[in-house]
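Hello,

Here is the structure I promised to hand over. Have a look first, then read my notes below.

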Amino acid sequence: MLVSPEAYPQKVTEDGSYTFFSTEFGECYHSTSGAREEAEKKFILSSRLAAKADQSNNLKVLDICYGLGYNAAAALAAIWRVRGDCRVELLALESDRMVPLAAIRENLLNSWSQPIPKYLSDFAHNHRLDLPNLTAKLLIGDARQTITKVIEAGFQAEAIFLDPFSPSKCPQLWTVEFLALVAKCLSPTGYLVTYSCAASVRRALQLAGLQIGATDSVGRRSPGTIASFLSLPPSLSAQEREHLQTKAAIPYRDETLTDPAEVIIQRRRSEQALSDLEPTSHWKKRWQRAVSSIEISE
């Protein structure tokens with residue numbers, strides 16, 4: 001299967017690793033501060049996979065928006081570094097089957113040691129693996145629909161990587177309804193991690209019944225978000241907690257899980273216009289002296 005290089009323009013990031021630029025969404029697939037760094041620190045370190053591998057010989061991982069495969073590669077490396085005999089069960093959701101193939105064609109996973117690049121090359125081509133230490137399945141399609149297959153399988157992940165394009169560009173995968181389905185796939189002792197600190201996303205995770213906290217910032221001022229059914233340390237700053245009381249925290253909604261992005265965005269704007277919550281601009285003014293500590297995100 002041929003993949004046109006022009007379809008996925010490459011961008012070198014500050015740590016020397018490469019990512020792709022999406023012409024559809026107008027964004028890179030990873031932080032320009034470091035694609036590999038983002039995978040290893042914002043997703044793998046934050047989800048505490050190494051500690052979990054130290055305590056278990058079987059781990060389940062759900063990778064939402066598999067993309068180039070960086071999060072999966074980093075997860076496998078971290079787990080097997082701690083426990084080489086740990087068996088990993090990976091389910092991955094991806095809308096564009098060509099992106100993983102393009103990453104393999106460009107050898108973007110070769111910075112990880114073997115057999116991880118070989119495994120994920122086979123995965124990109126065949127969409128499934130059945131090995132002694134790794135079983136994996138790649139579900140291609142709209143994640144709003146493919147997530148139901150994960151639920152039907154009774155899959156309970158110890159780590160969920162939530163990695164769509166930004167809420168303003170891909171609101172379909174940040175809605176209350178979608179994240180409620182994602183929460184059904186999280187183990188009672190598992191962690192969901194995402195790069196986003198948007199108040200709308202954090203509020204949607206809370207409405208899904210999850211506790212939330214901030215993860216360390218990686219390559220930019222803003223932190224990410226961790227969510228779990230477990231009690232989390234009170235890691236949100238006063239500024240972040242107040243952000244959740246503003247109009248910025250009104251979440252995206254998509255009751256039928258079929259609406260296009262523009263409809264979801266307009267629905268939220270209408271709800272914000274009618275809301276009695278504090279305008280986000282007022283919150284920004286109150287925190288203008290401390291605003292450098294966090295990147296304001298709608």
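S1 and S2 run antiparallel and are joined by 3 bridges. Gln10 stands opposite Phe20 in S2. In general, the strands of a sheet pair through backbone hydrogen bonds. Please keep in mind throughout that this is a predicted model.

Next, the aromatic rings. The count comes to 9 aromatic pairs. Take Phe25 and Phe165. Their ring centres are 4.4 Å apart and their planes are at 20°, so this pair is stacked; the cut-off for stacking is under 30 degrees. Where do Phe25 and Phe165 lie? Phe25 is in the loop between strand S2 (18-22) and strand S3 (27-28). Phe165 is in the loop between strand S8 (157-162) and helix H7 (176-183). The pair therefore ties together parts that are 140 residues apart in sequence. Both Phe25 and Phe165 are buried.

Now a pair with another geometry. Tyr70 and Trp112 are edge-to-face, at 5.5 Å centre to centre with 70° between the planes. Tyr70 belongs to helix H3 (residues 70-82). Trp112 sits in the loop between helix H4 (98-105) and helix H5 (116-126). The two are 42 residues apart, and the pair links distant parts of the chain. Tyr70 and Trp112 are both buried.

There is also a cluster. Ring pairs link Tyr8, Phe20, Phe25, Tyr29 and Phe165. Two members have come up already: Phe20 faces Gln10 in the sheet, and Phe25 stacks with Phe165.

Charges sit over rings in two places I want to mention. The charged end of Lys11 is over the ring of Phe21, 5.7 Å from its centre. The charged end of Arg268 is over the ring of Tyr252, 4.6 Å from its centre.

Last, a pocket. The second largest pocket has a volume of about 220 Å³. How many residues line the second largest pocket? The lining has 15 residues, and Ser46, Arg48, Ala214, Thr215 and Asp216 lie nearest the centre. Helix H1 (35-45) and strand S10 (211-215) each supply at least two lining residues. By class, the lining has 6 nonpolar, 5 polar and 4 charged residues.

Best wishes

Technical notes. Residues numbered from 1 in each chain as written. Predicted model: local features only at pLDDT ≥ 70, side-chain atom pairs only at ≥ 80, totals over all residues. Heavy atoms only, no water. Phe/Tyr/Trp six-rings, centres within 6.5 Å; stacked < 30°, edge-to-face > 60°. Helix = DSSP H or I, 4+ residues; strand = E, 2+ residues; numbered from the N terminus. Buried < 20%, exposed > 50% of the residue type's maximum accessible area, 1.4 Å probe, protein only. Lys NZ or Arg CZ within 6 Å of the ring centre and 35° of its normal. 1 Å grid on protein atoms, 1.4 Å probe; cavity = no way out; pocket = protein on both sides within 12 Å on 5 of 7 lines; lining within 4 Å. Points joined across faces, edges and corners; volume = space filled by probe spheres on them. Nonpolar A, V, L, I, M, F, W, Y, C, P; charged D, E, K, R; others polar. Pairing = 2+ DSSP bridges.
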